[in-house]
Amino acid sequence: MKQKMTLAEKREAVWGWAFIIPTMLGLLILNFYPIFDTIYQSFFKTGDFGLGNVFIGLKNYQDMLFGSGKAELWQSLWNTIKYAIIEVPFSVVISITLAVFLNRKMKGRSVYRTIFFLPMVCAPAAVAMVWKWLYNQQFGLLNNVFHTNIAWISNPNIAWACIAIIGVWSIIGYNMVLFLGGLQEIPGDYYEAARIDGASGIRQFFSITMPLLSPTTFFIVQTRIIGALTIFDLMFMVMDKTNQALNKTQSIVYVFYQYSFTNGNKGVGAAIVVILLVFIMILTVILQKLEKKLVYHN
Amino acid sequence: MKNKKRLIALGLAATMVAGMVTACGGDNGGSSNGGGSSEGTEQGSGTEGSDGGSSSGGGELQVNIWDNYQLDGLQAIADAWTEESGIKVNINVVTWDSYWTLLSSGAQGGEMPDVFWMHSNTAQMYMENNLLLNLDDYIAKDDKIDMANYYEGIVNLYNSNGSQYAIPKDHDTIALLYNEALFKKYNVDTPTDDWTWEDVYEAAKKITEAGKADGVYGYGVNVSNNQDGWYNILEDYGAQVITDDHKGTTIGSEEGKAGMEMVRKILTVSAPQSVVAESGTDSLFTSNLLGMITQGSWMVNTYYTAENSADYKWALLPYADVNGNGQCDEGERKSAYNGLGWAASANCSNPDAAYSLISYFCSEEGQKKQAELGVAMAGYVGASDAFINAFEGTDLSAFTKIEEEGTLFFRPYTRNTTVWEDALQQAGGFLEPWQNPEDPELMSKACDNAQTIIENAIANE
């Protein structure tokens, strides 16, 4: 039986809505509307300046998935997955380790935490520019310090890994901060009890820290996978458009940018983005199903 | 104690707000490495200029440009106009990459700048969508502006269905840039006015072989150096990247293949593609690792202000002796040229003032001033001599000599140029032959591919 709200509850509800409205409006206007507009545009051959759109149904999807754009689309999707395969596991492992070490009482702990967080503060464009010159085959620091002549970003076989290393480097700080937050939640009693029972540091880590940290880890892995799949700026800024390795490195969002903005073909671009959206949704569903098995809840 | 904390918190909050406001207030003329005025080197976007302002009513005109190097000169000319008209001119620099995004979103949102630059890549699109102010009536009434005084190709570019939508602002040509110090070091004769591309090949070969130990190459050209690079060689042999009616190409013809074969030959003695792709020919040249490159007049300032500019010399663009008679005949020496146009927004609040400013920039007087200030070579025929003398200590006569001794061809464009232009520079276009210049088959096949790419792109427009 539905209960009627008291006056006090009604007032609270009104105030609740009042505080939420700004964010809701922003979400609706700046997020939901563009999503539906993009899906809508993917069924059109878009004209200049948003005028003269011609409805062509599923042709954009057919072209990109099975037709003329097939090689480019599937290769770039695979490139993006390769990037995610390096960025997510490495950054999570490194940042968990760092977070655990920086959670103890030690001298200069804040300084170290700040240093590891600094890459997040730098503008992505600046980061890309610096790494571009680090990786330069002729003049780059890496080749000149180690006296090698490796084509870090021009060799199709390794260029994607080198770009992914930049991604790992820049996201470690962010992951570390989140893990630190998760670590604070773990009561110290567990560690005390384990110490009394004679468990080593590593044993404590795998038996206490990892399970109790799993909600945080799951959250970070899920958001980082989504973030890695939408990578664009690193490839765009580090590699010139005539780079030999571009085909084996360009991400799917890079292909989207080329079609939508360089070529002005926003309909095809919208279709590419929708394809990526569907892919990410499928992945998320799979991850959610895994959550019940992997994440330890009290 | 509590009050002190409150005061500190308030003070910090105020500083933060003040910081945000001044940062967003936008300083005009944002620094950028100044993409070239007509080609616009797309690499290196630098920092963003401030946002393009809205078209302003009352006593101010909003002008958008993308080349930071031209800002001071243009502002000086604009200020002279302000003295006559009483209307302030606010010039905004937006880097090349963002310029078009900003303009098109401004067009869709109804907030374009009042006066701005137009370029061949997008001119047709803007004109056909009625976004530019029709200047016919203004020009007819204006006795200072007569379209016959400007370069025909540029006038035609900004003319749609018989109406004129922009007036030529400048034009540029291509010349051969060489490093005299490197030529002396490796004992090679420096370029002269009768050099052919074969001579370029020979000189580049000598320098590359002699300079191997130092990592020096005789020549450098990337597949993306089109207007300033290989387009010129191709056209010397009689082919056209885009035919005069802008609806086709002859790049896959016998002449086209002969031209690209010459390019391939030069590539065998040039810096490898991976090197120029990672570092860019301009950086390599100013690092004294390239003997020669070809470049456009919009890049003069970059080399003039470089560290070793005393060694850098501009020579006349070489020709291709196609008929083998030992002299340069008609059509054997070609240079690409392009010209920006000054256009006004169709919806600007003060069209009379906007036209008046454009007229001032493009009048003979304004064009001469522009050349004197070293801004760019004039769109007005015959007003560019001052530009040649604007850079003390450098001989820039190669840029005007090519117009007398060679033929100019307009930078190839179609309605949606970037689609095929980018495709030519990537895998499936000319990238493979650039990576493997030893194989003539690759270059020949690439010419056929290019023919198909361009024809398909035009069919889809």
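User: How many helices and strands does chain B have?

Analyst: In this predicted model, the secondary structure of chain B comes to 20 helices and 15 strands.

User: OK, and how compact is chain B?

Analyst: Its radius of gyration is 24 Å, close to the 23 Å that the globule rule gives for 461 residues, so chain B is as compact as a globular protein of that length. Taken along the principal axes, the box filled by the C-alpha atoms of chain B is roughly 80 × 70 × 45 Å.

User: What share of chain B is buried?

Analyst: Buried residues account for 51% of the 461 residues in chain B. As for its contacts between residues at least 6 apart in sequence, 74% of them join residues at least 24 apart.

User: Let's look at the strands; which way do S1 and S3 of chain B run, parallel or antiparallel?

Analyst: Strand S1(B), residues 60–65, and strand S3(B), residues 115–118, run parallel and are joined by two bridges, with Asn64(B) having Phe116(B) as its bridge partner in S3(B).

User: And what about S3(B) with S13(B)?

Analyst: S3(B) pairs with strand S13(B), residues 341–344, in the antiparallel sense over four bridges, and the bridge partner of Met118(B) in S13(B) is Gly341(B).

User: Switching topic, how many residues are in contact between chain A and chain B?

Analyst: On the chain A side there are 22 residues, and they are in contact with 25 residues of chain B. By class, the side of chain A that touches chain B has 12 polar, seven nonpolar and three charged residues.

How values were computed:
Residues numbered from 1 in each chain as written. Chains lettered and ligands numbered in written order. Predicted model: local features only at pLDDT ≥ 70, side-chain atom pairs only at ≥ 80, totals over all residues. Rg over C-alpha atoms; globule rule 2.2 N^0.38 Å. Buried ≥ 20, exposed ≤ 12 C-beta atoms within 10 Å, placed from the backbone. Contact = placed C-beta atoms within 7 Å. Nonpolar A, V, L, I, M, F, W, Y, C, P; charged D, E, K, R; others polar. Pairing = 2+ DSSP bridges.
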